[in-house]
Amino acid sequence: MAEQEKKKIKLFEVHFAWVNDSLLKRFTETTGIKRRTEWIKACAKEDFGIELDSPDDIPRLELVIRSHYYEDKGEWLREKMRKAIQKELSLK
């Protein structure tokens, strides 16, 4: 099986995480969320109480994410995306 294409997700014009193209497309199609930055910021606040206002907040988020046993912020983001897809599908 060929390696999946990956897309770079940016937050504040800074690299945040890699996401498989197929996951990203499915997420956008299923949830209708196009403003990913706002969604990621909302997820960080909901999960960890962290306000993301600038690139300076990303290292703190990374530390908190790792303290919750995620490998990195990419793993956390991909899990949030999968859960959002599942939630949408369960509503249909």
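This is a guided tour of a predicted model, moving from one selection to the next in the viewer.

Residues are numbered from 1 along each chain as its sequence is written. Because the model is predicted, local features need pLDDT of at least 70 and side-chain atom pairs count only at pLDDT 80 or more, while totals for chains, interfaces and linings use all residues, and side-chain values use heavy atoms, with hydrogens and water left out.

**Stop 1: two crossing helices**

Begin by selecting helix α2, residues 36-48, together with helix α4, residues 73-91; helices here are DSSP runs of H or I with at least four residues, strands are runs of E with at least two, and both are numbered from the N terminus. Two packed helices are described by the angle between their axes and the distance between the axes. The axes of α2 and α4 come within 12 Å and cross at roughly 100°, where an axis is a line fitted to C-alpha atoms over the stretch in contact and angles run from 0 to 180 degrees between N-to-C directions. The two helices are therefore roughly perpendicular to each other, a label given to angles of 65 to 115 degrees, whereas angles under 35 count as roughly parallel, those over 145 as roughly antiparallel and the rest as oblique.

From α2 the contact takes Trp 39, Ile 40, Cys 43, Ala 44, Glu 46, Asp 47 and Phe 48, and from α4 it takes Trp 76, Leu 77, Lys 80, Met 81 and Ala 84. By class, this contact has 9 nonpolar, no polar and 3 charged residues; Ala, Val, Leu, Ile, Met, Phe, Trp, Tyr, Cys and Pro count as nonpolar, Asp, Glu, Lys and Arg as charged, and the others, Gly among them, as polar.

**Stop 2: the nonpolar core**

Next, select Phe 16, Trp 39, Ile 40, Leu 61, Trp 76, Leu 77 and Met 81, which have the most contacts inside the largest nonpolar core, a set of 24 residues. Such a core is a set of buried Ala, Val, Leu, Ile, Met, Phe, Trp, Tyr and Cys residues joined through side-chain atoms within 4.5 Å, and buried means under 20% relative accessible area, with exposed over 50% and partly exposed in between (1.4 Å probe, protein chains only). At least two residues of this core come from each of β1, β2, α1, α2, α3 (58-67) and α4.

Centre the view on Trp 76 and ask which residues it touches, not counting those up to four places away in sequence. Its partners are Phe 16, Ile 40, Cys 43, Ala 44, Asp 47, Phe 48, Ile 65 and Tyr 70.

**Stop 3: helix α1**

Move to helix α1, residues 21-31, whose buried residues are Asp 21, Leu 23, Leu 24, Phe 27, Thr 30 and Thr 31. These buried residues pack against β1 (6-11), β2 (14-20), α2 and α4.

Asp 21 counts as buried at 14% relative accessibility, and, leaving out residues up to four places away in sequence, Asp 21 touches Gln 4, Glu 5, Lys 6 and Lys 7. Thr 31 is also buried, with a relative accessible area of 18%. A polar atom of the Thr 31 side chain lies 2.6 Å from the backbone oxygen of Phe 27, and a polar atom of that side chain lies 3.1 Å from the backbone nitrogen of Ile 33. After α1 comes Gly 32, whose phi is positive, near 75°.

**Stop 4: the loops**

Apart from neighbours within four places in sequence, Leu 52 is in contact with Leu 11, Phe 12, Lys 41, Ala 44, Asp 57 and Leu 61. Leu 52 and Leu 11 are 41 residues apart along the chain, and their C-alpha atoms are separated by 9.2 Å.

Phe 12, in the loop between β1 and β2, has a positive phi of about 55° although it is not a glycine, and Phe 12 is partly exposed, with a relative accessible area of 23%. Finish at Tyr 69, in the loop between α3 and α4, where phi is near 70°, a positive value in a residue other than glycine; Tyr 69 is exposed, with a relative accessible area of 79%.

Key: Contact = heavy atoms within 4.5 Å. Polar contact = N/O pair within 3.5 Å; in protein donor to acceptor, adjacent residues only side chain to side chain.
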